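Let's walk through a protein model together, one question at a time. Have a look at the structure before reading on.

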Amino acid sequence: MDKEGKSALSLDKKAVKIGLLVGVVLFAAILVYGVSGIINIHEPAPSQLSLMVPVSINDVYPLFMCPCCGKPLDPESPCCGMAKERIDYISALSDSGISNEEIVLTTVKKYGINLLIDESLKDEVRRELGRRAPADRPKISIEPALHDFGNVSFAAGAVSTTMTIKNNGRSDLVINELDTSCGCTSATISKDGVEGPVFGMKMHGKNPVDWSVNIKPGETAQLNIYYDPQVHPDLRGPVTRSVSVFSNDPIEFKKEVRIEVNQVD
């Protein structure tokens, strides 16, 4: 073979090697892009919460309402003691230097998501909590979420009902507190036939401390709710009360159920 033939053969070999190298690089790039594309399909959308939370702390307060008055929190003119407590809590968080987004999330974890006024903000907070929650988290469910006692006689005295608490998650559910919306309503939890201590309205300052009950994945417990019409002797007509169940579920950490009553003689 002459020199020109050898040179052409050498160039052909180089071209083949370059072609193979380019092919490998392209294949690797396609593979990486494809895998990342598949992964991205399952990734949650970026959080929009930071875009919905005001930059000024003064605008964060009125995102929340007073639980007894239903008015937006106003640090310049608190409507009641419960409003002032929540205002002071938000102020302390702000003084600690955390972002307003974290202030909203932390306040929701402390007082519950229903304190937020805007429904779209509630939805975004739930999404953000879901993004941060571990895959093996405990998941609380309570059925039914509402019980209607119908007519309840003042003369006949207290009535009660039972709801079922279930852990639908993959790790232990720990309930450590109950709270009711009025002194006429109290609640307990029964597990394995043992009824726990009685909880009433937290702000009355008489609820048990250092108590908890553990519910394993798939297990159930009973939420017992008691309504005493004689706490309000002059009350007649429809009544709605709520019971809050606090747990280590990172999303439904404050689960609320309701009872309805029509109080009669």
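Here are some questions and answers on this predicted model.

Q: How many helices and strands does the secondary structure of the protein come to?
A: Let's start with the overall inventory. Counting the secondary structure of the protein gives five helices and 10 strands.

Q: What share of contacts between residues at least 6 apart in sequence join residues at least 24 apart?
A: A contact here means heavy atoms within 4.5 Å. Taking the contacts in the protein between residues at least 6 apart in sequence, the share that joins residues at least 24 apart is 66%.

Q: Why is strand S4 described as largely enclosed by the rest of the structure?
A: Strand S4 covers residues 173-180. A residue counts as buried under 20% relative accessible area. The strand is largely enclosed because the number of its eight residues that are buried is six.

Q: With which strand does S4 pair over five bridges?
A: S4 has a pairing with strand S7 (residues 213-215), antiparallel and over three bridges; there, Leu 173 stands opposite Ile 215. Another antiparallel pairing of S4 has five bridges. In that one, Asp 179 has Ser 244 as its bridge partner. The strand with five bridges to S4 spans residues 237-247 and is S9.

Q: Is Val 174 buried, partly exposed or exposed?
A: Val 174 sits in strand S4. Buried means under 20% relative accessible area and exposed means over 50%. The relative accessibility of Val 174 is 26%, so this residue counts as partly exposed.

Q: What distance separates the C-alpha atoms of Val 174 and Phe 246?
A: Leaving out residues up to four places away in sequence, Val 174 touches several residues, among them Val 213 and Phe 246. Val 174 and Phe 246 are 72 residues apart along the chain. Their C-alpha atoms are separated by 8.6 Å.

Q: Which peptide bond is cis, with omega near -10°?
A: Most peptide bonds are trans. The place to look is the loop between strand S1 (140-143) and strand S2 (146-153), where Pro 144 lies. The cis bond with omega near -10° runs from Glu 143 to Pro 144.

Q: What is the relative accessible area of Asp 210?
A: Asp 210 is in the loop between S6 and S7. Its phi is positive, about 55°, although Asp 210 is not a glycine. Most residues other than glycine have a negative phi. Asp 210 is exposed, and its relative accessible area is 83%.

Methods:
Residues numbered from 1 in each chain as written. Predicted model: local features only at pLDDT ≥ 70, side-chain atom pairs only at ≥ 80, totals over all residues. Heavy atoms only, no water. Helix = DSSP H or I, 4+ residues; strand = E, 2+ residues; numbered from the N terminus. Buried < 20%, exposed > 50% of the residue type's maximum accessible area, 1.4 Å probe, protein only. Pairing = 2+ DSSP bridges.
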